[in-house]
Amino acid sequence: MAPPTARCPRLPPPRRTRQPGRGGAGPWAPREAAAGGRAARRGRAGERGAGRRGGARRTMATATAATPGRARRGAPMYSKELTSKKRDEFEDILEERRLSSDLRYAMKCYTPVIYKGLSPCKPNAIKSAVLRSEQVQYVIKQLAKEMGESPDIIQEEATEILDEMGHRMQLGAVRFFAFTLSKIFKQLFQRVCVNEEGMQRLQHAIQEHPVVLLPSHRSYVDFLMLSYLLYTYDLALPVIAAGIDFLGMKIVGELLRRAGAFFMRRSFGGNRLYWAVFAEYVKTMLRSGYAPIEFFLEGTRSRTAKTLTPKFGLLSIVMEPFFKREVFDTYLVPISISYERILEESLYAYELLGVPKPKESTSGLLKARRILSDNFGTIHIYVGQPVSLRTLASGRINRCPYNLVPRHLPQKPSEDIQEFVSDVAYKMELLQIENMVLSPWVLVAAVLLQNLPAMEFELLIEKTLWLKGLTQTFGGFIEWPDNLCAKKAVLSGLTLHSNIARLVDGHVVLNDKGAEDGAVGEIVFRHALAVLMCATYRNQLLNVFVRPALVAVALQMAPSFRKEEVYSCFNFLRDVFSDEFIFFPGISLKDFEEGCFLLTKCDAIQTSQQEIYPTDKGSGTVSFLSAMFRPFVEGYQLIFRYLSKEMKEAFTEKQFIPGVRNFVFQHLEKGSTQCYEALSSDMQKNALSALVQLGAVKKKKMPNGFTYNVNQEAVSKILDMFDARIPVQKPVAARL
Amino acid sequence: MFLLKRPRKAQLYKIIMEFNYAFSYSRSSCATSLKHNSTELPPASREEAPQQELLKWNGWGYNDSKFIFNKKGQAEFTGKRYRLGGMVLPTFKEWIEKTFGASLEHKTTSRASLNVNDVPPSIVNEEFLQDLRATKISYSQDAEDRVFRAHGHCLHEIFVLREGMFKRIPDIVVWPVCHEDVVKIVELACKHNLCIIPFGGGTSVSSALECPEDEKRTIVSLDTSQMNRILWIDEKNLTACVEAGIVGQDLEKQLAESGFCTGHEPDSMEFSSLGGWVATRASGMKKNIYGNIEDLVVHIKMVTPRGIVEKNCQVPRMSTGPDIHHFIMGSEGTLGVVTEVTIKIRPVPEYQKYGSVVFPNFERGVACLREVAKQRCAPASIRLVDNAQFQFGHALKPQVASIFTSFLDGLKKFYITKFKGFDPNILCVATLLFEGDREKVLQHEKQVYDIATKFGGLAAGEDNGQRGYMLTFVIAYLRDLGLDYYVIGESFETSVPWDRVLDLCRNVKERIVRECKEKGVQFAPLSTCRVTQTYDAGACVYFYFAFNYRGISDPIHVYEQIERAAREEILANGGSLSHHHGVGKLRKRWMKDSISDVGLGMLRSVKEYVDPITSLETKIFYKALHK
């Protein structure tokens, strides 16, 4: 094996924070001393090439894996820091790669930091442990009894499931990816930036407890990004939950498997054997601390760059070993990966407009290689503070629901636990959002979308700068490249995104190629494509803005400035948009207060005892914010109108999407609406599911999927609420 | 044949006892020490139980037995009562320094004696005193007597003794000498509206003896120590009827004179009483042969404010509704005063043998114990200590007399660590005690060692086993030493199903370490456990926990927070609130969750019937804290 590359980035020796008064002679647990020794050794290895990273290192003293506020029933565990918090600095890991040999990097001596109690084992050993486990054996016996089949046959089936599912992590494949990804990343991206302090915290966390990595999911690039990162920093490589569709790709699927991916079927609710095997497979790896477990809370790539509402299945699986106290604690690590330019941006836009997503295939991947000549800017990866599950659960889960049943029996989680899992999921997504880097272009896109078809360049710059300030007030995490002046920043954004917008005669316009000539339909389609692509970037702001912005929208909706009425409208909007944006469950009032607080902070509103009203100075802000969310307000109304007017009979989602798309399309063609975003299937689905949650649409499970039934009256009532024709009826919180 | 060399049973038992605890406490030497306000002394015919004069007033056990650091700075155990007495422990100092970061230079000192002026005054109404005098039952209002009975042996209680004073203590101590005396006292208490707290050996570790600060009535400490006779022995049925105040070691000693034993040996048996065992559902070290107290008891007589509760026959089992014994056992003095107990006895075993097995790690050790339990072949005692406790035990190894022994020790160590590849920082040890007739013991021994071998265990000699058991008897003395050097500690126990033993041990130990760190304890604590009893369905786990509190302003508060966290961890891991220590006031907050609202209500309604005006102190668990 080649000697370690001197220049590859390594974590500097961890600084242990000593509590004041704790003398140097007070050794804590010996394990820690050992870990320290190891880290110190590793630190020395990285010393030679470390000079230029001195700056980052100086700020690393605070790298301990403490956890944020604890949770209690009643008091929600989510409370956002309202003062702008200090965030870590970034280091570009590609810089190193551009200077030294990728081959040597791929062949470097890799001796990762691993979980303290881990005795390393082969992937196959895990599989056989899973097969032998009481959990799986129990289900096998149950099924054998019920179906009257021999347990051997079912055991065979379980083996097949495992073989389909299991990863076969191999250092060879990892090195292959280390090499090829280096090449590809260097080609595609200008920089891949990581907060090294986050990596440092992760290093501690991995040694201490089992770790679950929870990255955001915007692109296929996310997939191996963390593995690449962890390899670079000499940390244990994660095993990654991947959709089974990847197995459809020849060679690539197997390569991913060898890089640590394991594959789960998209739906297996009814298949008890599959569920048992899958859950046990994940838990076995977690319990033994075999490797960090990585999966995407959002379940799939967000086509809109807006965080999707979380899926709970896999999260509840990884939390279970803690609930059953099979592990002392588990760290959940929110990771935010943001792209200056998303690789799949145009694919997504097509998909949202109903052009089907190409099936994952190797040939497709090879065809996509032309994008290699394109520039996709910078990736920012922010590894958040590891969150201790134990801390989250303390005071929350008091009774011990698992004490009275043997732990290997499959048991449906209690309502308490389900609620807790959901809270944790939302908390993690909110943490992802909080640390998601926003590029200047995101601001440009948000401004531009409000000023179509064309906007004066100078005005755009001015507005962008203004929005920058507002975003920072709201806690957004903006990375402004190297003190670039606003003009240059906007220009560089325009250059990078020339496929979306361009500069024509001092004006910035959307780049809707082919929209000038052709049929009306073609024009609408082209324009919609450009709008949706542009919206993808604006969308990155939405979850940061949603609380104050919905207050702003509510202010315009409410018949008066009375607090109760504004809050009622806010509450209504929050309910309607509960699938569209990420809200921590059940804290509407707190969200409202946060929104008001932020608006007050930027002088947009004033509040008195009973009233909330916009200030003269802040009318611009309020109208900007409501305009920012207007596509959603209008889009939802349009979709609701379709449902209340057109859908008399039961329908399926497959019927609904094309129907509503046509409906919106016609309106766009007629010019009776400008809401191109209502064409987005994402918005359409969210709107439908909002109605289901509001009880205006009934969702029924049928043998061939779900069918929906519209309660016309209820939907038109909701529509009236939008227009504030009837007051939004909501019990008003007493504390208001 | 070996048979020729076999000593007689009684003789052998004596040897065993000396071997085991080596108490050479002599009755004749202890003159009566009870201080009485009344002129009457207890009946002269009575032999006194261990007197408080012999015992430390502010710590555990006998005055003459304690750990000290001698002039050379080496640890030494004083007195002649224990086998360890007079021996030098060369490695102990280093262990203490290494484990706790303690230093001999930093010493705290307890007050030398009780300051009588600090003691809350005794408030007893004169009418009651007159009635009491009429009964001729001896009593005392002396401060020392009252303070002695105001506490058990929880850490916070000892700490208060050393550095402060209890806010509330009994107002008067009474010494009934028989069942009838107790009846009279309880009647008087009802008549005069007093509050009784029964007192046996005073070894409680659940704050059960703590006097509620807000108790306005006169508190009577009912000391059962003078009810210490064996009333009769029934050799045909192998039972003995004994007064409840008898102390464990006296009971065994007196039974041994007739060639019998009960075999009930809780770690506190030198000081704890039969009535106390019944009241707390005690468990003995050798329960695998003799059973726990609930298996041993045949009949109980208890005096309650409502009257006397007992059965009409002394039978091995009966189906007559819920067993009233089970209301009494574990009632912790809240329902009445146990006065007489008929208990099973066994012939003194002919042969006793210690043993020990080294396992490469704790997991294998637990697996072995589980297998032993499964095959139901557990010896009289089998315990598995974790690595930290193994090292702890090792530190208590006395100075080796000859070069040959030290050479042998070195060889053993070499064999286990180098040849067998056991990591001395991971390995753990099971200690064994076999009892019975010689052939069977040897046969049994083989069976157990065979199982151990399957789990990677290596026989490690009798000596290690014996030292393991010795540790249990001196550990309480060690706490007093620790207190002198800023180290506070405590033990606590639980029972847990087999499949959760490992998780529970690991998590609780880790929780303790973490809580210490969070609470600002400056050195990693000693956090160690042993699996101390095996059952068909689970095990009893015993934890020791101690830390150096230098730099902490309120160590007891910190200690209590950590202990509470540890208990919560136990419960979350599927362990019980207590295996044999009881609930007392210390753990009552969890009582409701432990036995459900209805369960607690059932107990409460019994209490209400038996003791409607709460003549017996009840702050124990009927008023479990509601969350």
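Chain B splits into domain 1 (58-100), domain 2 (230-347) and domain 3 (351-472), with bounds taken from an automatic or database domain assignment. This is a predicted model, in which local features need pLDDT of at least 70 and side-chain atom pairs count only at pLDDT 80 or more, while totals for chains, interfaces and linings use all residues. Residues are numbered from 1 along each chain as its sequence is written, chains are lettered from A in the order in which they are written, and side-chain values use heavy atoms, leaving out hydrogens and water.

Take domains 1 and 3 of chain B: their centres, over C-alpha atoms, sit 24 Å apart. Each of these two domains puts 10 residues into the contact (heavy atoms within 4.5 Å). Together domain 1 and domain 3 of chain B bury about 920 Å², with 64% of that on carbon and sulfur atoms; buried area here is the accessible area (1.4 Å probe) lost when two parts are put together, summed over both. On the domain 1 side, B:Arg83, B:Leu84 and B:Trp95 account for 47% of the area buried against domain 3, more than any other three residues.

The side of domain 1 of chain B that touches domain 3 has eight nonpolar, one polar and one charged residues; Ala, Val, Leu, Ile, Met, Phe, Trp, Tyr, Cys and Pro count as nonpolar, Asp, Glu, Lys and Arg as charged, and the others, Gly among them, as polar.
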